[in-house]
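Reader: I've got the sequence and the model open side by side. Could you walk me through some of the contacts in there?

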Amino acid sequence: MAEKRSMGKEFTKGFISENPVLRLVLGTCPTLAVTTSVVNAIGMGIAATIVLIGSNIVISALRKIIPSKVRIPAFVVVIASFVTIVQMLVKAFVPVLDESLGVYLPLIVVNCIILGRAEAFASKNPVLVSAVDGLGMGLGFTTALLCMSSIREIIGAGTFLAGTQSLLALFGENVLGGFDGFTLISGNGALKPMVILILAPGGFFVFGMLMACVNKLAEKKGKPKAELKGCSSCPMAATCSLECKNDIKEGNV
Amino acid sequence: MSVENKLNISASPHVRSKTSSKRIMLDVIIALVPALIAAVFIFGYRVLAVTATTVLTAVIAEYLSRKAMKRHNTIGDFSAVVTGVLLAFNLPVTIPLWMAAIGSVIAIVVVKQMFGGIGQNFVNPALIGRIVLLSSFSTDMTCWTEPLKWRTGDAVTTATPLALMAADKKDQLTGLADMLLGVRAGCLGETCAIALIIGGVYLIIRKVISPVIPLVYIGTFSVITLIAGNGDFTYLAYQIMGGGLLLGAFFMATDYATCPINFKGKIVYAIGCGLLTAVIRLFGSLPEGVSFSIILMNILTPHIESLTTPKPFGTVKEKKAKKEAAE
């Protein structure tokens, strides 16, 4: 980071201007997979945020020790240990969530957001700023998941926050008077839930619409649009074996 | 008129045809009218309510989305009306009207306008409307009523001929004459084979569609079905008239924006449609596969097009030229 930014900015950038899912288009696989219900999305968001803060702190603290040639394996080892801790905790305290998240919980290891923050931020910045960056990015990820899953669950299943008890199992049984979500569209009346939004095509559709909305929001603030810029924006461009003919022609390399 | 005006030379094209998108869409609407009238006879006046809902919603959705995107208004070309009618033809008559409206909005806003409006849609809008409704409200989308029962007031649910054949209940099938006239269960516009064929022939005579796609589509499908049915022509006749094949082949697969332009490309596209339809019907878990096969081939259309572009006279292919240069 060439310019010095304030702590507050490092925290808030994760929400809109550099939202990992909707602006940087990272971690789309868990995003599409777990946003079928709000409870799943919150669980995934919290788990990823904890891993992100932990790995950012440790990688930032070790940034001068890790040789740059083996940095990626080193980052993955650090991230994997945090993911294992989180997975064990979830298995022990909220087993229902572990069941519904399935393979996506251990897959946080290869989540691009976490590896991306380690590579782009934590390995270049001091510990405290990295922790704030991790928190902001994690909450940004959670917010994006929350928006997507709310739309998908309300329209697609006709419920909101269904299965809250499985998440609240952390605090004991029947917390909040046994609240287990609202049923908005029962399916017996005239209205019926639109199942396609729970299915994969609906997921992609909601994802695209949200991305368009956030692009519009960012545009209003004068920020550039999120778009794929080809080889010039790729972190692997220097070591890539493929010839980037267009980039060479345009003189970008 | 003065001499100067007579000798005015303009840029090409000099020969102008009166064909316009509006004229083409009007022809398609005219071709769809016989099937609509037949549907009213078979399934009752609710057909008109469903069609009016889809058409109105499609036109309003087109107007509003063009307005929201600050583009010029295109409801005058009637393409939204065609989409609305085609979508209605793909729905069962008992469908709740709000579902039909949702299908229309998705077809127009998501598939057509978000990709740039008329001529820019990458798949057939009406078919996506149908597929979204089918996967969202599967019970309402597969609730078939018996034909002609609307006069007596009782709506009896039954199975479509294709579902009957898939379930091996051939004794419950209606006669072939009834199939031709459309007196069978099914989506409201797909049943009357004779009305659809009249509409299709009208479009071919008016040169709105080329006969290649429908003929090759139905031909490929027939060959595969004949082989699978051990040469049983009765089985083939039920397969051709039992689902949405005729509607799909004449009105859906021939959409200009989503089928190849070249003759060769059209043949490849139609063979693909026929093959996929037959495969889905014979081996798939759904009894009907016309909509899915057309959508899949729509998506492949750009690739078919790039592989079948005709070679201009006198040019040498790039690979061959390189080879010769190397020698």
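This is a predicted model: local features need pLDDT of at least 70, side-chain atom pairs count only at pLDDT 80 or more; totals for chains, interfaces and linings use all residues.

Reader: Let's start with confidence: what is the mean pLDDT of chain B?

Author: pLDDT is the predictor's confidence in each residue, from 0 to 100. In chain B, 96% of the residues reach 70 or more. For the complex, the predictor gives an ipTM of 0.77 and a pTM of 0.83. The chain B mean is 88.

Reader: How many salt bridges does the structure hold over all chains?

Author: The term means a side-chain nitrogen of Lys or Arg within 4 Å of a carboxyl oxygen of Asp or Glu. One of them pairs A:Lys13 with A:Asp133, N to O at 2.7 Å. Over all chains, the total is 10.

Reader: Why does the A:Lys13 and A:Asp133 pair tie together parts of chain A, and how many residues apart are they in sequence?

Author: These two side chains meet in a salt bridge. A:Lys13 sits in the loop between helix 1 (7–12) and helix 2 (28–34) while A:Asp133 is in helix 7, so the bridge links parts whose separation in sequence is 120 residues. Helices here are DSSP runs (H or I, at least four residues), numbered from the N terminus.

Reader: Is A:Asp133 buried or exposed, and what is its relative accessible area?

Author: Buried means under 20% relative accessible area, exposed over 50%, and partly exposed in between (1.4 Å probe, protein chains only). A:Arg117, which bridges to A:Asp133 at 3.0 Å, is buried at 7%. A:Asp133 is buried too, at 0%.

Reader: Which residues are linked with A:Asp133 in a network of salt bridges?

Author: A:Arg117 forms a salt bridge with A:Asp133. A:Arg117 lies in helix 6 (residues 112–122), so this pair ties helix 6 to helix 7, 16 residues apart in sequence. The network links A:Asp133 with A:Arg117, A:Lys13 and A:Glu10.

Reader: Over in chain B, which residue forms a salt bridge with B:Asp27?

Author: Both partners lie in helix 2 (residues 21–43) of chain B, 4 residues apart, about one turn of the helix. B:Asp27 is buried at 2%. The closest N and O atoms are 3.2 Å apart, and the partner is B:Arg23.

Reader: And which residue's side chain has a polar contact with that of B:Thr74?

Author: B:Thr74 is in the loop between helix 3 (46–68) and helix 4 (79–89) of chain B, and at 10% relative accessibility it counts as buried. A polar contact is a pair of N or O atoms within 3.5 Å; within protein, one must be able to donate a hydrogen and the other to accept it, and residues adjacent in sequence count only if both atoms are side-chain atoms. At 2.7 Å, the partner is B:Glu62.

Reader: Last one: what does the cover over the buried residues of helix 9 of chain A include?

Author: Helix 9 (residues 200–220) has 21 residues. Its buried residues include A:Phe207 and A:Leu210. The cover includes helix 2 and helix 7 of chain A.

Technical notes: Residues are numbered from 1 along each chain as its sequence is written. Chains are lettered from A and ligands numbered from 1 in the order in which they are written. Side-chain values use heavy atoms; hydrogens and water are left out. Helices (H or I, at least four residues) and strands (E, at least two) are DSSP runs, numbered from the N terminus. The expected span of a helix is 1.5 Å times one less than its number of residues. Contact means heavy atoms within 4.5 Å.
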